[in-house]
Amino acid sequence: MSLEGTLETAGGDAGDAVLFVFTVANAGDETVELEFMDACTAEFVLAVDGEEVWRFTDGRAFAQVLSSDTLAPGESVTYEAEWTDPQPGVYTAIAELRATDETCEARTDVSVPP
């Protein structure tokens with residue numbers, strides 16, 4: 001696979017929203033075309049002990065537009081989401097690319113203080 005993902009978080013202190021930044025990099029030798037069926041380019045999920053507790057797309061509607069991102073070798077693109085009502089706890093954050101023919105996932109731990 002030529003795509004590599006990293007997931008970083010920011011915020012979550014004293015009731016602040018948590019920002020997720022998912023970076024997808026083309027680590028291969030050839031250009032990769034990422035095609036999307038709607039305006040949601042990445043999914044973000046929080047889990048505790050493997051049980052899902054929050055999903056970015058739940059309750060949201062996305063424009064039904066075709067779009068794409070082209071990544072030459074060594075290039076990257078970032079996709080962001082925000083958890084506006086974080087609950088205190090320790091979570092596993094998972095980001096998944098929603099491209100039609102390519103897959104990429106990244107995980108990181110998130111701690112939201114009380």
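1. Leu 7 stands opposite Phe 22 in S2. Strands here are DSSP runs marked E of at least two residues, numbered from the N terminus. The model is predicted: local features need pLDDT of at least 70, side-chain atom pairs count only at pLDDT 80 or more, and totals for chains, interfaces and linings use all residues. Residues are numbered from 1 along each chain as its sequence is written, and side-chain values use heavy atoms, with hydrogens and water left out.

2. S1 and S2 run antiparallel and are joined by nine bridges; two strands pair if DSSP finds at least two bridges between them. They belong to an open sheet of three strands, in the order S1-S2-S7, with antiparallel pairing. S1 and S7 are the edges: each has a single partner strand, so one side of each lacks a neighbour in the sheet.

3. The largest nonpolar core has 28 residues. Such a core is a set of buried Ala, Val, Leu, Ile, Met, Phe, Trp, Tyr and Cys residues joined through side-chain atoms within 4.5 Å, where buried means under 20% relative accessible area, exposed over 50% and partly exposed in between (1.4 Å probe, protein chains only). Among the residues with the most contacts inside this core are Phe 20, Phe 22 and Val 24. The elements giving two or more residues to the core include strand S1 (3–11), strand S2 (18–26) and strand S7 (76–83).

4. Arg 60 lies in the loop between strand S5 (51–55) and strand S6 (67–71). Its relative accessibility is 40%, so Arg 60 counts as partly exposed. The side chain of Arg 60 reaches the backbone oxygen of Phe 56 at 2.5 Å.

How values were computed. Helices (H or I, at least four residues) and strands (E, at least two) are DSSP runs, numbered from the N terminus. A polar contact is a pair of N or O atoms within 3.5 Å; within protein, one must be able to donate a hydrogen and the other to accept it, and residues adjacent in sequence count only if both atoms are side-chain atoms.
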